Amino acid sequence: MKKTIVAPSILSANFATMGEAVRQLTVDGADWIHVDVMDGVFVPNISFGQKMVKDIRPLTSLPLDVHLMIINPERYIKEFAERGADYITIHIEATEKVAEALSLIKKCGKKAGLSIKPATPVEALAPYIEDLDLILVMSVEPGFGGQKFNPVAIEKIRQCKKLVGNRDIVIEVDGGITEDNVVDVRAAGVDAVVAGNTVFSAPDKAATIKRLQG
Ligand code: DX5
Ligand code: ZN
């Protein structure tokens, strides 16, 4: 079976030593670095913004997988692109200009992702499918790390797999991923998993990342 892409979320890092955390994840064999941007409006929490992308960019050669949990993300896409994001994922629930936002991401030369919260059906993605490089299925209500995995995501991953067909689109899942449930999301057809708490609380991050990769 194909290896699963593992994208540790730096939301779970100690922000005071972020550079060291990013360097260490790179050494420890992470595939991507997942960067959770929260505005306190689209989600109830505030994390960090585009400057974090700029500051960590020189510290790793891994793709930066930027997850924008912000309202009207089209306002900031160019800045995240210029500061070194590789994947830019917006929420379908965060803007009425989804198509424009996706095309702006592509215009900036970046990979375009679209995310759905647990209550948003997979069919909502269908009108945009030809414009996507990545689908991000949320398995928790976005806003905080360390929450419990909602199994509704498993069926949604299966539905995404059908929707994607043979298109070149990464299916990623985010929230509450553990060494136990990674088996289920992999069986459902996921390509990439975000892992915050599971990686950052592990005594041996490299070994944990390896097991999550499968
Ligand atoms: C939730 C974020 C996630 C989260 C993952 O809003 O998008 O990326 O930090 O953390 P864990 O793996 O701890 O659920
Ligand atoms: Zn995320």
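Helices (H or I, at least four residues) and strands (E, at least two) are DSSP runs, numbered from the N terminus. The structure is a predicted model, in which local features need pLDDT of at least 70 and side-chain atom pairs count only at pLDDT 80 or more, while totals for chains, interfaces and linings use all residues. Residues are numbered from 1 along each chain as its sequence is written, chains are lettered from A and ligands numbered from 1 in the order in which they are written, and side-chain values use heavy atoms, with hydrogens and water left out.

Overall, the protein contains eight helices and eight strands. For its 214 residues, a compact globule would have a radius of gyration near 17 Å, and the value of 16 Å found for the protein agrees with this. The radius is taken over C-alpha atoms, and the globule rule is 2.2 Å times the number of residues to the power 0.38. Along the principal axes, the C-alpha atoms fill a box of roughly 45 × 35 × 30 Å. Contact here means heavy atoms within 4.5 Å; of the contacts with a separation of 6 or more, 64% join residues 24 or more positions apart.

Turning to burial, residues are called buried under 20% relative accessible area, exposed over 50%, and partly exposed in between (1.4 Å probe, protein chains only). By this scheme, 54% of the 214 residues are buried. The accessible surface, from the Shrake-Rupley method with a 1.4 Å probe, comes to about 9400 Å², and carbon and sulfur atoms hold 52% of that area.

In soluble globular proteins, nonpolar side chains tend to be buried together. The largest core has 60 residues, and I10 and V185 are those with the most contacts inside it. Helix α5 (residues 152–164) supplies the largest share of this core, five residues. A second, separate core of nine residues includes W32, Y87, L136 and V140. Beyond four places in sequence, the residues that I10 touches include F15, M18, V22, F48 and F200.

Leaving out residues up to four places away in sequence, F80 touches V37, G49, Q50, V53, V66, L68, A85 and I88. From F80 to A192, 112 residues apart in sequence, the C-alpha distance is 21 Å.

Two of these partners can be followed further. G49 sits in the loop between β2 (33–38) and α2 (50–56) and, at 24% relative accessibility, is partly exposed. With residues up to four places away set aside, G49 touches V37 and F80. Q50 belongs to helix α2 and is buried, its relative accessible area being 18%. Apart from neighbours within four places in sequence, Q50 is in contact with Y76, E79, F80 and R83.

Finally, the backbone at N72 deserves a remark. Most residues other than glycine have a negative phi, and most peptide bonds are trans. The phi of N72, however, is positive, near 50°. N72 is placed in the loop between β3 (64–69) and α3, and its relative accessibility of 30% makes it partly exposed.

Notes:
A nonpolar core is a set of buried Ala, Val, Leu, Ile, Met, Phe, Trp, Tyr and Cys residues joined through side-chain atoms within 4.5 Å.
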